[in-house]
Amino acid sequence: MIEVSHLNKSFKVYRRDAGMKAAFKGLFHREQTRVEALKDLSFSIQDGEIVGLIGPNGAGKSTTIKVLSGILVPDSGECKINGRVPWKERKAHVRDIGVVFGQRSQLWWDVPIIDSFDLLKEIYKIPEERYQATLHELTETLELEDLLRTPARQLSLGQRMRCEIAASLLHEPKILFLDEPTIGLDAVSKLAVRDFIKKLNEEKNTTIILTTHDTQDLMALTKRILLIGKGEILLDGSLEALIDRYPEGITAEEMVVALYKEYKI
Amino acid sequence: MRAALGMLRMRFIYSLQYRAAAWAGVMTQVFWGFMETLLYKAFYASNAAAFPMTLPQVTCYIWLRQAFFAMFILWSVDGDILDMIINGNVGYEIIRPTDLYWMWFTRNLGSRLSKVALRCGPVFLVAFLLPAPFGLSLPPNWVTFFAFLLSFVMAVLLIIGLCMWIYILSFYTIASRGVQSIVGLTAEFLSGSLLPIPFMPEGFQKVAYLLPFAQTQAVPYLMYSGYYSGREMVMNLGVQLFWLIVVIGSGHAVMKRALLKVTVQGG
């Protein structure tokens with residue numbers, strides 16, 4: 001159970017004009033502005049839901065995930081996940097969650113994947129039998145057999161992403177955050193990732209919070225979407241109801257564009 | 001503890017991947033040590049009485065420094081950690097159920113230990129085989145040897161504590177290269193790695209011994225050759241312990257605060 005209420009977070013941004021003169025001036029005085037990354041964000045998510053966070057670049061999707069996973073501390077507001085405040089009870093909280101940042105890597109670059117996994121086993125203090133069972137299961141479903149003994153740097157993006165997902169699930173988290181998990185993947189890899197996520201949710205009742213720009217991901221996975229724009233929640237509802245609002249035959253892509261236009265984001 | 005051992009192990013296997021670097025390191029250390037002992041031999045030939053240490057003490061100092069070179073270089077920071085702080089991958093470190101300070105501490109310990117493990121063997125072999133004034137001799141007695149061991153262990157922990165401060169400062173300034181190069185050079189000189197501290201002017205020596213840098217190299221090496229005895233030995237171990245507690249204690253506290261203020265940028 002995730003409960004978020006009135007969350008605010010702003011960042012400092014330094015700006016200056018182009019050129020030598022402005023750069024020199026910047027040595028003494030920096031123009032500082034605050035960007036509101038999250039504005040009065042409130043929502044709640046039940047166990048076992050799959051929720052898609054959508055919104056244009058810079059809308060605050062990733063910031064939301066970072067706050068929920070305990071990486072960022074918000075300026076104000078409340079957030080409780082399974083009864084815990086992520087940034088206050090960080091260690092207990094992070095045992096319950098898995099996070100995949102599609103644009104980053106948690107695997108050690110130069111050693112075989114299995115070494116990275118073994119380290120995670122130690123970090124999460126997973127009992128050996130538990131670990132072997134989970135690893136076996138993940139290896140089967142994500143087809144990692146041949147990848148485990150290969151260094152991360154020699155894997156293709158699709159292969160690596162499957163390993164990243166497996167890495168986030170070794171400690172069997174109750175909640176999985178996926179920040180653009182299908183970014184840059186080819187069609188086959190995307191399908192594999194989607195199928196896996198769906199299965200995970202159905203079989204283990206894992207709560208999944210997903211950000212994506214890929215409308216196919218949304219259609220395939222989520223029942224509920226949260227539309228975020230300029231740090232605010234603009235829409236919270238079921239995907240089906242949303243599609244029904246638009247004329248018959250509209251593609252998901254067109255619908256998202258229409259949504260962004262409607263909310264001027 | 002389990003996580004720390006895991007990290008130590010990971011860093012160890014990680015470094016074992018870089019074999020060529022290890023061999024190059026060994027060659028450099030041996031060659032450099034050889035050149036330097038010859039240099040001091042020439043100085044001592046002119047007037048041995050004019051120097052604060054005996055020639056065997058100096059050669060011991062040089063060979064120990066060469067053997068443990070990779071352990072005590074302050075600027076040999078883990079580039080991956082700095083990159084993580086700068087590009088935001090540090091987010092993945094924060095979502096682990098561990099104390100990040102100790103994770104990075106053991107990670108650095110692991111990488112430094114593995115580098116030394118690969119490099120010190122051949123250096124010691126050469127140093128022990130060299131004839132009397134040039135080579136490495138054994139410590140004068142058991143007490144000295146154990147004092148050296150204790151001092152060495154504290155020095156290892158202290159250098160990593162100092163290294164941790166470089167990472168901590170990087171949380172506050174995006175470009176840490178400047179800090180690294182200024183502090184790195186000063187620290188190297190003050191550690192007695194370029195010139196053994198007893199060779200420095202007296203007033204300077206006093207300051208150098210009070211700062212934490214000398215505690216990372218000069219003190220254990222001087223300990224080994226029996227330069228200190230009795231009260232002096234205990235005093236030096238005390239100063240080392242003091243710095244160890246201060247550097248690690250403050251680093252741990254400040255890092256905790258830094259993590260609450262961290263902004264993970266991008267994507």
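In chain A, the elements that cover the buried residues of helix α6 include β5, α4, α5 (128-142), β6 and α7. A residue counts as buried if 20 or more other C-beta atoms lie within 10 Å of its own, as exposed if 12 or fewer do, and as partly exposed in between, with C-beta atoms placed from the backbone. The model is predicted: local features need pLDDT of at least 70, side-chain atom pairs count only at pLDDT 80 or more, and totals for chains, interfaces and linings use all residues. Residues are numbered from 1 along each chain as its sequence is written, while chains are lettered from A and ligands numbered from 1 in the order in which they are written.

Helices (H or I, at least four residues) and strands (E, at least two) are DSSP runs, numbered from the N terminus. Helix α6(A) is mostly covered, with 10 of its 13 residues buried; among them are Arg160(A), Cys163(A), Ile165(A) and Leu169(A).

Helix α7(A) has buried residues too, namely Lys190(A), Ala192(A), Val193(A) and Ile197(A). They lie on the same side of α7(A) because they cover an arc of only 165° around the axis, the arc being that of the directions from the helix axis to the C-beta atoms. An α-helix has 3.6 residues a turn, so residues three or four places apart point the same way. The other side of α7(A) holds the exposed residues Ala187(A), Val188(A), Lys199(A), Glu202(A) and Glu203(A). The cover over the buried residues of α7(A) includes α6 (157-169), β7 (207-211) and α8 (215-221) of chain A. Just after α7(A), Asn205(A) takes a positive phi of about 60°.

The table sets out the spans of the two helices; the expected span is 1.5 Å times one less than the number of residues.

| Helix | Residues | Span, first to last C-alpha | Expected span |
|---|---|---|---|
| α7(A) | 18 residues | 26 Å | 26 Å |

**The sheet of chain A**

Six strands of chain A form an open sheet with mixed pairing, in the order β5-β6-β7-β3-β8-β9. Two strands pair if DSSP finds at least two bridges between them. The edge strands, β5 and β9 (232-238) of chain A, each pair on one side only. On average, neighbouring strands of this sheet are turned by 15° against each other, direction ignored.

β5(A) and β6(A) (residues 175-179) pair in the parallel sense over five bridges, and Phe101(A) stands opposite Asp179(A) in β6(A). Helix α6(A) packs on the sheet, touching β5 and β6 of chain A, and its direction makes about 160° with that of β5(A). Such axes are lines fitted to C-alpha atoms, for helices over the stretch in contact, and angles run from 0 to 180 degrees between N-to-C directions.

**Where the chains meet**

Two residues are in contact if their C-beta atoms, placed from the backbone, lie within 7 Å. In this sense, 25 residues of chain A are in contact with 21 residues of chain B. On the side of chain A that touches chain B, α2 (61-68), α3 (90-95), β5 (97-101) and α4 (113-123) each supply at least two residues. The largest share, four residues, comes from α4(A).

From chain B, Gly6(B) has its place in helix α1 (residues 2-16). Gly6(B) is buried, with 22 other C-beta atoms within 10 Å. Not counting residues up to four places away in sequence, Gly6(B) touches Leu119(A), Glu122(A) and Ile123(A).
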